[in-house]
Amino acid sequence: MTENSDHQKKNGIVYTLFSTGNLLKQNDALFLDKNIAGCWWINSRNSCTSFFTKKRIIYTLSCVFLSFAITFATTIITAQQLDIELKFLRAGTKIDPSHRRLNNNLKPSRSTDPILDQNVLDSSGKLTTVSHPSWQSPHDVVHSSYGKRSLSQSKKKKPKKLKGKTYPTLPPTKNQPICNGLSSNCDLRVNEMVFATMHNAMSTSDDNFMLPNHVLGMEKALDAGYRGFMLDVCDCGSSGIRFCHGVCFIGTRSLSTVFQNLVNFLDRNSDEVVILEFQMGSSSMDLLKNLFGEMQSVDRFIDMMYVHPSKNADWPLMSEIISRDKRIIAFQHNGPSCNNAYTEACPTQIHRWWDHIIATPFAFSSVNDILDFPKSCLLYIEEESSRSFLNLNHFIANSIPDQRNAIVINTEEIIKNRVSACSEMNDRINVNFITVDFWNSGDVLDIVNAYNKARSKALRRTL
């Protein structure tokens with residue numbers, strides 16, 4: 001028996017006393033060893049002890065059940081604050097992220113996104129239409145859109161639910177092309193579009209990942225209407241290069257399987273464009289070459305990849321890359337810089353992310369961090385970036401992925417208000433990627449569809 005365990009002897013049989021107060025019988029079938037991985041218990045002397053048993057399997061199952069119960073209770077306590085905050089938001093109540101104060105003295109206002117051309121309240125409290133609304137202070141931007149007016153108006157006019165790509169703005173005709181689900185998208189440039197995007201798209205319950213970022217898999221998201229996918233590339237040793245979330249043991253996906261499924265989808269849907277963003281596990285040139293090698297192993301994948309001619313060149317219209325059948329646009333970050341000596345070695349089909357993209361922060365720990373727009377709308381910009389796209393990171397990254405967070409922040413009002421605030425605070429730049437966890441929660445597809453229709457109308461290229 002271990003020296004750090006408390007023992008009692010009763011009727012000639014030895015028992016071990018754990019911190020739970022339970023006595024467990026010791027015999028030939030039950031042994032204790034704090035160096036064996038198993039079900040962990042902390043005894044009265046704070047030492048970790050574990051056990052396995054064949055005859056006493058009920059003890060092991062009890063341990064597992066209690067461990068899960070403790071974890072579940074912890075998440076319930078954390079979720080209570082989120083539920084309270086969501087009720088306050090729905091009631092038109094302000095949540096101050098700095099001091100957790102409540103204030104019901106807010107004037108109702110509307111989202112001020114320039115593309116949607118929505119109304120706002122002027123300084124006198126009258127509803128008016130403005131092209132460049134001004135806020136008295138940056139802090140007003142954070143909560144300006146949670147008044148009762150916008151909530152009640154959203155209930156009166158509920159947006160239609162989107163189903164895959166079956167939501168054209170106008171009934172399609174034989175001569176009317178469709179691009180990513182809408183005829184009006186065909187006259188938008190790629191960097192004028194908004195793409196519903198999966199963060200850590202490989203990490204799903206469907207694909208047996210531990211601590212997944214999504215319940216449903218990437219292929220189902222494709223069918224639903226998502227067109228942007230962020231994927232982490234890992235070197236998993238003897239298993240080779242795989243998609244994983246930082247470490248290989250919590251789950252992996254085969255690159256060739258994902259790429260083949262993507263080609264199959266694009267073959268079935270000849271008017272769709274997909275964006276892929278690879279987070280490289282290292283800056284090794286070999287890892288990037290191996291990634292490209294996996295692409296080459298899938299028939300037609302490389303042929304369908306778009307190559308942008310230069311960093312500052314105009315991005316083509318959606319209709320152009322569809323007609324050319326160059327409907328996969330790929331980026332990577334954390335890999336080799338692909339400058340100078342690396343220029344010839346780097347595949348031209350995989351563009352460097354930060355050469356073209358600016359992005360909001362992603363290290364949010366709570367819903368309130370997302371709602372603190374003056375901070376959550378700050379941008380990461382490399383000096384040489386063309387700033388062609390803006391990625392809105394809209395997920396909680398600094399905690400275990402929790403779908404209840406997504407249910408709160410993936411709502412239409414919160415996304416629209418954050419898009420509006422981030423655009424207004426950064427020279428009215430357009431958001432291009434709305435990147436989320438738990439993609440099937442909330443209103444992301446509805447919002448993306450509405451933005452793309454409004455942008456086309458604002459640019460007066462298509463009705």
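Cys-234 counts as buried, since its relative accessibility is 8%; here buried means under 20% relative accessible area, exposed over 50%, and partly exposed in between, with a 1.4 Å probe and protein chains only. This is a predicted model, in which local features need pLDDT of at least 70 and side-chain atom pairs count only at pLDDT 80 or more, while totals for chains, interfaces and linings use all residues. Residues are numbered from 1 along each chain as its sequence is written, and side-chain values use heavy atoms, with hydrogens and water left out.

Cys-234 forms a disulfide with Cys-244, the two sulfur atoms being 1.9 Å apart; a disulfide is taken as a pair of cysteine sulfur atoms within 2.5 Å. The angle about the S-S bond is -85 degrees, and the link of Cys-234 and Cys-244 is left-handed. This pair links distant parts of the chain, with Cys-234 in strand E13 (residues 228-235) and Cys-244 in strand E14 (residues 241-245), 10 residues apart. Helices (H or I, at least four residues) and strands (E, at least two) are DSSP runs numbered from the N terminus. Cys-244 is likewise counted as buried, because its relative accessibility is 0%.

The structure holds 4 disulfides. Another of them joins Cys-236 and Cys-248, with sulfur atoms 2.0 Å apart, and its -90 degrees about the S-S bond make it left-handed. Here Cys-236 lies in the loop between E13 and E14, and Cys-248 in strand E15 (residues 247-253), 12 residues away. Cys-236 is buried at 12% relative accessibility, whereas Cys-248 is partly exposed at 27%. A disulfide also joins Cys-377 to Cys-422, with an S to S distance of 1.9 Å. The link of Cys-377 and Cys-422 is left-handed as well, at -75 degrees about the S-S bond. It connects the loop between helix H10 (373-376) and strand E20 (389-393), where Cys-377 is placed, with helix H12 (residues 412-425), which holds Cys-422, 45 residues apart. Cys-377 is buried at 1% relative accessibility, and Cys-422 is buried at 0%.

Aromatic side chains provide a further set of links. The structure holds 15 aromatic pairs; rings of Phe, Tyr and Trp (its six-membered ring) pair if their centres lie within 6.5 Å, and planes under 30 degrees apart count as stacked, over 60 as edge-to-face and the rest as tilted. Phe-259 and Phe-278 form an edge-to-face pair, 6.2 Å centre to centre with 90 degrees between the planes. Phe-259 belongs to helix H5 (residues 255-268) and Phe-278 to strand E16 (residues 274-280), 19 residues apart. Both Phe-259 and Phe-278 are buried. The ring centres of Trp-353 and Phe-433 are 5.9 Å apart and their planes stand at 40 degrees, so this pair is tilted. Because Trp-353 lies in helix H8 (residues 353-356) and Phe-433 in strand E21 (residues 433-436), the pair ties together parts that are 80 residues apart in sequence. Trp-353 and Phe-433 are both buried. Ring pairs also link these two residues into a cluster with Phe-195, Tyr-306, Trp-315, Phe-331, Trp-354, Tyr-380 and Phe-389.

Gln-349 is found in the loop between strand E17 (328-333) and strand E18 (350-352), and is buried at 15% relative accessible area.

Charged side chains come next. There are 14 salt bridges, each being a side-chain nitrogen of Lys or Arg within 4 Å of a carboxyl oxygen of Asp or Glu. Lys-220 and Asp-206 meet in one of them at 3.0 Å, N to O. Lys-220 is in helix H4 and Asp-206 in the loop between E12 and H4, 14 residues apart. Lys-220 is partly exposed at 42%, as is Asp-206 at 35%.
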